[in-house]
Amino acid sequence: MAVNTKSKEVKGSLSRKMVKDVFFDMRRPGRLQQGQEETMKVLVDSRQMKQCDKNTIEYFGMPSLVLMERAALSVVQEVENHFGKGKGKKHTALVACGFGNNGGDGLAIGRMLWQRGYGVTILMPPGDHKMSEEAKAQKGILEKYGVPMADAIPMQEFDVIIDALFGIGLARDLEGVYRQFVDGMNARPGFKVAVDIPSGIHADTGAVLGVGFRADLTVTFAFAKTGLLLYPGAEYAGKVLVKDIGISSHSFLGEKPTMYCVGEEDYALLPERKPYSNKGTFGKVLAVAGSKNMAGAAFLSGKASYATGAGLVRIFTEEKNRVALQGLLPEAILTTYGGAKDLEGTLEKALSWADAIVAGPGIGTGEAAKKLVKSILKHAKAPVILDADGLNVVASHLKWLKKAKAPVIVTPHLGEMARLSGMGIADIQKQLLQIARNFAQEYHVICVLKDARTITALPDGRAYFNVSGNHGMAAAGAGDVLSGVLAGLAAQGMRLEEAAPVGVYLHGAAADRQLQATGAYGMMAHHLIDGVAQVLKEQEEIRKVEKNEAI
């Protein structure tokens, strides 16, 4: 089986377009706002960020103190934006600083706020024998200004509390005085800002290392870190703002980024609707879905494919679902089976008709389901989206995946991934990215690992993080809708390595679009289909405007 995952040049590739300052609001996921400076929606782990920082300093010759000053200034600007520059009372700030370069950022922030009239107190553990050279330089400057320093949290309250204790290098639990500092800052009122990453949050996994600083805003530098997007780190980070400080994509020095965050600009990759067309132009989806008493799964998946733009949908399902599906989705073609007799022969004819195939929603895990899944993976030539019961069947026959002839997208939630991998759900949650990557590479599939932060991993190691969607999606049938969305995009000819992450984003954006109408409590799977149609309608209107402007 071959999945087309050949990397594109940077100019046109997914999530590599230049956009303005990127906000990831973890309380309103999926919403991007625009600020002033340019950045790229590339994500990095701690190793990649450290290497980019090192390359910028050692190869390009950018002084470390210059980067530190720019980082500090970007935080100060956001503090002033929050309170209103030069307005109202004299504000007070507590800046907690460690001994590394993150602490150096904090010392520079304290000095700049002091110069702007803030009542600043620097909170720092006693002793400085382990202080970095840059932090020492910043401390020396600060001391000449006479900024007050303390080694315990003062009793007074502060308008803003800034955490610059630890940066992305922390890999151990916070203990002793540092834990006391974080606990104390969390307990105090005030606007809370984290510098680069909240102290106590693992930069790669988002895990809480004993205790974590709970920020209202995290100002991170150059690129968003994966730990800021993954839970529970995302909950501690608050709104995440990526600021340009002079470290750009050039600092990778030929090492291509491997992690991205999909956003609204990636809708540009959606297939065009040609004026001169017919129903065959936009692709044919075969949904192998629904067993006895499970017609709903087939309906949701099939209708989602139509809502995404597919021209024809054929549902291959149990005969007992015929009446229900004819009423629910009269637009669909039905091919039914009443038993196991000639099941595979009937299926093969349907497979040869399709441009994309959904396999699994509601088919059960009995003998008929096993024959269906095995035959699909053996004979299908069109892309296969393997979902729900299809995954549960394959969990006991993983060799079928390796023998598949067609490209395959698997869409497991945590429980299904536990069955596929043999790991516990808690262990998967701790290493979501790595589990998705490992499975994609081992079985040469595109792995869409669904959680509050869905990860789409490609066999070549690239991974896409999704921040759209909300907890209203935690409802039966939401996964069936996603399978239909992915199939609808694939049937229209969209490359699978683009269809998978963009489809996941569209699915979540549909839920965000519907949230105002239904609320999280009342959201149901069929609302997501309505949301998909509405989001695509909005994108269609945007394209019309862009074309008219171009003319």
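**Reading the features of the model**

Modeller: Let us begin with burial: at 15% relative accessibility, Ala388 counts as buried. The term buried means under 20% relative accessible area, exposed means over 50%, and partly exposed lies in between, with a 1.4 Å probe and protein chains only. Please note that this is a predicted model, in which local features need pLDDT of at least 70 and side-chain atom pairs count only at pLDDT 80 or more, while totals for chains, interfaces and linings use all residues. Residues are numbered from 1 along each chain as its sequence is written, and side-chain values use heavy atoms, with hydrogens and water left out.

Colleague: Where is the place of Ala388?

Modeller: Helices (H or I, at least four residues) and strands (E, at least two) are DSSP runs, numbered from the N terminus. Ala388 sits in the loop between E18 and helix H12 (389-394). Its phi is near 55°, a positive value in a residue other than glycine.

Colleague: Which phi does Asp196 have?

Modeller: Asp196 is not a glycine, yet its phi is positive, about 75°. Asp196 belongs to the loop between strand E9 (191-195) and strand E10 (217-221), and it is buried, with a relative accessible area of 10%.

Colleague: Which residues does a cis peptide bond join?

Modeller: Look at Tyr231 and Pro232: a cis peptide bond joins them, with omega about 5°. Pro232 is placed in the loop between helix H6 (226-229) and helix H7 (233-237).

Colleague: In which order do the strands of the open sheet follow one another?

Modeller: Two strands pair if DSSP finds at least two bridges between them. Here 12 strands make up an open sheet, and their order is E11-E4-E13-E22-E21-E20-E19-E18-E17-E14-E15-E16, with mixed pairing. At its edges are strand E11 (224-225) and strand E16 (333-337), each of which pairs on one side only. Val358 has Ile385 in E18 as its bridge partner.

Colleague: Which strands does helix H1 touch?

Modeller: Contact means heavy atoms within 4.5 Å. Helix H1 (residues 46-58) packs on the sheet and touches strand E4 (42-44), E11 and E13. The direction of H1 makes about 100° with that of E4; axes are lines fitted to C-alpha atoms, for helices over the stretch in contact, and angles run from 0 to 180 degrees between N-to-C directions.

Colleague: Is Glu78 buried or exposed?

Modeller: Glu78 has 13% relative accessibility, so it counts as buried. It is part of helix H2 (residues 64-83). If residues up to four places away in sequence are not counted, Glu78 touches Leu217, Val219, Leu241 and Lys243.

Colleague: How many salt bridges does a search of the whole structure find?

Modeller: A salt bridge is a side-chain nitrogen of Lys or Arg within 4 Å of a carboxyl oxygen of Asp or Glu. The search of the whole structure finds 17. One of them links Glu69 with Arg111, whose closest N and O atoms are 2.6 Å apart. Glu69 lies in helix H2 and Arg111 in helix H3 (residues 101-115), so this pair ties together parts that are 42 residues apart in sequence. Glu69 is partly exposed at 26% relative accessibility, whereas Arg111 is buried at 8%.

Colleague: What separates Glu367 and Lys370 in helix H11?

Modeller: Because they are 3 residues apart in helix H11 (residues 367-379), about one helical turn separates them. Glu367 is exposed, with a relative accessible area of 54%, while Lys370 is partly exposed at 30%.

Colleague: Which residue forms a salt bridge with Glu541?

Modeller: The partner is Lys537, and the closest N and O atoms are 2.5 Å apart. Both residues belong to helix H19 (residues 525-550), 4 residues apart, or about one turn of the helix. Glu541 is partly exposed at 39%, and Lys537 is partly exposed at 49%.

Colleague: Which residues form a nonpolar patch on the surface?

Modeller: Patches are made of residues with over 30% relative accessible area and no salt bridge; like charges are joined within 9 Å, and nonpolar side chains (Val, Leu, Ile, Met, Phe, Trp, Tyr) within 5 Å. Tyr59, Phe60 and Leu253 form such a nonpolar patch, with about 340 Å² of accessible area together. Accessible areas come from the Shrake-Rupley method with a 1.4 Å probe, and for residues only the protein chains shown count as cover. Leu253 is in the loop between strand E12 (239-243) and strand E13 (259-261), and at 39% relative accessibility it counts as partly exposed.
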